[in-house]
Structure formats: structure tokens, C-alpha cells
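Visitor: I am new to this structure and would like a short tour. Could we begin with its charges?

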Amino acid sequence: DEAQIFTDGGSRGNPGNSACAFVIYDNNDQVVEKAGFYLGVATSNQAEYDGIERALKRAQELGIDKVSLFSDSQLVVNQLKGVYKVKNQELAPIYHQVKKLADSFRKISFTHVPREQNKMADQEVNRILDDHENGII
């Protein structure tokens, strides 16, 4: 199976309260699954990677072996594509976990998109952070 996945992560404070989210679409642009997670205190880059890791794990569980992954984090996308080196040692472990996961797919691509093209995942991250700030979660 093939899917498009949009991921996002955010932090209020950087580091601060963080959340991540993903949306998995099938070939007909229908939402297969949307999920978001409160992460506690983390940086925005850690939250971005966490969202990608969770999305790829879920895609595997769903039997998806071809993924086009989209993120509005230019840094993370370029690190995963090998354009940028991972200089932050706190990011290195999750970067290696994501790369190992990515290698298990038959086909995978990482693409940077503007935030406007990542609205559903971005809205989910902000909803979770708002809910946390309002004591809902």
C-alpha cells in the first residue's frame, strides 16, 4: 500500500510544552488516520521528529510500504534527506531511529512543504497544546 503522510511538531517555549501530529492519506486523498500526542517538555525539532517517528510506525502497522512524507520543518526534512548533518546531539538518537524506520519501507520520500499545505497536522498540534494550557489534557 501507498500513502501520503503529513506530520508536524511544535513547542511553546522551545523547549517547552510540545505536541506532534500526523495525518495519513490514501491514494484517493482520503484521510486514513489522524492522530496527535502531547509530549511534555521538548524542543520543536524533537517534536517534529517524534511526529515523523510515530507516523512511520503507524504506517507500518497499517501495512503501508510506500510513503511520501511531508513536513513544514525544512531542517528536519533536509537532515533526513542527507542535505544537512545532525549537529545537535540531543536530536541524534531520534534521527537514527527515524532513519532506521525509513529504511524498512520499500519506497520513501521526504518533502518540505509550507505550513499552509500542512494545515490539518498543524491544527492538531495547536489543538493539543491549547487543550493542555486550558487544563483539558
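This is a predicted model: local features need pLDDT of at least 70, side-chain atom pairs count only at pLDDT 80 or more; totals for chains, interfaces and linings use all residues.

Visitor: How many helices and strands are in the protein chain?

Guide: The protein chain contains four helices and five strands. Along the sequence, their pattern is β-β-β-α-β-α-α-β-α.

Visitor: And what does the C-alpha trace span along its principal axes?

Guide: The spans are about 40 × 35 × 25 Å. A compact globule of 137 residues would have a radius of gyration near 14 Å, and the protein chain agrees because its value is 14 Å.

Visitor: What share of the residues is buried?

Guide: Buried residues account for 45% of the 137 in the protein chain. The accessible surface comes to about 7300 Å², with 44% of it belonging to carbon and sulfur atoms.

Visitor: Let us turn to helix α4. How far apart are its end C-alpha atoms?

Guide: They are 21 Å apart. Helix α4 covers residues 119–133, and at 1.5 Å a residue its 15 residues should span 21 Å, so the two values agree.

Visitor: Which residues of α4 are buried?

Guide: They are Ala121, Asp122, Glu124, Val125, Ile128, Leu129 and Asp131.

Visitor: What covers them?

Guide: The cover over the buried residues of α4 includes the strands β1 (2–12), β2 (16–25) and β3 (31–42).

Visitor: Which residue takes a positive phi just after α4?

Guide: That residue is Gly135, with a phi of about 75°.

Note on methods: Residues are numbered from 1 along each chain as its sequence is written. Side-chain values use heavy atoms; hydrogens and water are left out. Helices (H or I, at least four residues) and strands (E, at least two) are DSSP runs, numbered from the N terminus. The expected span of a helix is 1.5 Å times one less than its number of residues. Buried means under 20% relative accessible area, exposed over 50%, partly exposed in between (1.4 Å probe, protein chains only). Contact means heavy atoms within 4.5 Å. The radius of gyration is taken over C-alpha atoms; the globule rule is 2.2 Å times the number of residues to the power 0.38. Accessible areas come from the Shrake-Rupley method with a 1.4 Å probe; for residues, only the protein chains shown count as cover.
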